[in-house]
Amino acid sequence: MNSGELLGATLVTWMVENRPALDERMKEEGSKALIHEFMAAEGGQGLPSPEERLDRARQASARAWLRHLAAAIQANWTAAPATFASGMDTFLVAGEERLEALKLDEEARAEQRGLAADPNDDHREVELRSLGRLFAEGIGSTCHPGGDDGPSFAKRVTEWQSEHLLRNRELVEDAIARTTPEGLSGSDVAAPLWERAPETARAREAALLWARVQFLTEAVADALMAAGPPQLDAASA
């Protein structure tokens, strides 16, 4: 097992073992999303459809997982700056506009690859790929591993993922085989959003999100080890 694989396994283990911290992040992100829903309804946009509610629940859960992954990196990457996790939280909150640009790019890429049999799978993949790229850009922007900026570090991550598509399939198949509403992605505590999604959809979303998080974690770990330690002065270079 090389250094990237070792870090990846360590990060996944840490995230599972520190489930209570994930639960808290799930509750926080679920509450934020529900407030946004109420504000939109008061603004005349009406209540969301079941599909829109599932999207918001997925996004809230994904944001919680990304924050949890940042905390795992803070705790286990020996070169992590002391402010890494808090810096990533700030970056993700401020990244809505960048996220929309990444979604447009991922939609174009999906069209080039060819559409899946289920349009919902395409939509989910676009969302999660976009969030993963934003997270990787955040790492490059906040601590510049090996001197990388945000797009450069994100390129390392996406290139690794492109080279390991079979690993992604393995993770997806394993997660679906073990699909339950509990134990996979904290879906049971992303209340109240997830509570109003059909249970079968909730469990499937949880499984697929957990698979995506593991795949992103392995890619980020490999990229961190390949890039080298942070070069914080690169921001002013």
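Reply: Happy to! On a 1 Å grid over the protein atoms alone, a cavity is a set of points where a 1.4 Å probe fits but cannot get out, and its lining residues have an atom within 4 Å of a point. Grid points are joined across faces, edges and corners, and a volume is the space filled by probe spheres set on the points. This is a predicted model, in which local features need pLDDT of at least 70, side-chain atom pairs count only at pLDDT 80 or more, and totals for chains, interfaces and linings use all residues. Residues are numbered from 1 along each chain as its sequence is written, and side-chain values use heavy atoms, with hydrogens and water left out.

By this rule there are two cavities of 30 Å³ or more. The second largest cavity holds about 60 Å³ of space. Around the second largest cavity sit R63, L66, L92, E96, L99, L131 and L134. By class, this lining has five nonpolar, no polar and two charged residues (Ala, Val, Leu, Ile, Met, Phe, Trp, Tyr, Cys and Pro count as nonpolar, Asp, Glu, Lys and Arg as charged, and the others, Gly among them, as polar). At least two of the lining residues come from each of α3, α5 and α6; helices are DSSP runs of H or I, at least four residues, numbered from the N terminus.

The largest cavity has about 80 Å³ of space. Its lining consists of A62, L66, L128, L131, G132, L209, R212, V213 and L216. Here α3 (50-76), α6 (119-143) and α9 (199-227) each give two or more residues, and α9 gives the most, with four.

Terms used. 1 Å grid on protein atoms, 1.4 Å probe; cavity = no way out; pocket = protein on both sides within 12 Å on 5 of 7 lines; lining within 4 Å.
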